[in-house]
Amino acid sequence: MQVDFYHLTRMPLERALPQVAEKVVANGARLLIVAAEEEQRAALDRLLWSYAPASFLPHARLGGDDDQRQPVLIAQTLDAANGARHVALVDGAWRDDALDFDRVFHFFAEDQIAPARVAWKALAERPAVTRRYWKQNDSGRWEQAA
């Protein structure tokens with residue numbers, strides 16, 4: 001299983017997350033987006049409808065009638081009612097249960113570096129986990145730093 005740490009320095013989550021979600025869906029996979037706070041989940045729901053005028057990213061928030069059919073599902077917990085094997089942790093909080101997925105995208109900002117480091121170090125002790133650390137260069141492109 002793979003865990004990708006995305007250190008948000010130049011690009012905000014609102015620009016980075018749709019790029020990742022589009023790639024996951026384009027590859028035929030499903031994504032679960034997890035955020036603890038209701039306000040952030042509502043904002044992400046609005047974002048995925050409007051982030052780019054020429055794009056459409058089908059999604060829903062957990063609790064609808066068609067959760068199992070959604071390519072992207074936004075939830076408070078790691079309940080992948082859509083059968084997702086990819087999860088995006090977008091509130092900076094690491095959750096060990098994310099290791100039940102095939103791939104984790106862990107987004108964190110400058111003020112969340114310390115807990116991200118703790119998670120990074122803890123995952124080093126798990127032989128079945130491949131960790132990658134991504135940061136943005138001066139032009140805003142993602143570069144693998146570890």
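**View 1. A88 meets strand 6.** The bridge partner of A88 in strand 6 is F105. Strand 5 (residues 86-89) pairs with strand 6 in the parallel sense, over 4 bridges. Strands here are DSSP runs of E with at least two residues, and helices are runs of H or I with at least four, numbered from the N terminus; two strands pair if DSSP finds at least two bridges between them. This is a predicted model, in which local features need pLDDT of at least 70 and side-chain atom pairs count only at pLDDT 80 or more, while totals for chains, interfaces and linings use all residues. Residues are numbered from 1 along each chain as its sequence is written, and side-chain values use heavy atoms, leaving out hydrogens and water.

View 2. Follow the 8 strands in the order 3-4-2-5-6-1-7-8, with mixed pairing. Strand 3 (60-61) and strand 8 (142-144) are at the edges with a single partner strand each, so one side of each has no neighbour in the sheet.

**View 3. Helix 1 on the sheet.** Helix 1 packs on the sheet and touches strands including strand 1 (2-8), strand 2 (31-34) and strand 4 (72-75); contact means heavy atoms within 4.5 Å. The direction of helix 1 makes about 170° with that of strand 6 (axes are lines fitted to C-alpha atoms, for helices over the stretch in contact, with angles from 0 to 180 degrees between N-to-C directions).
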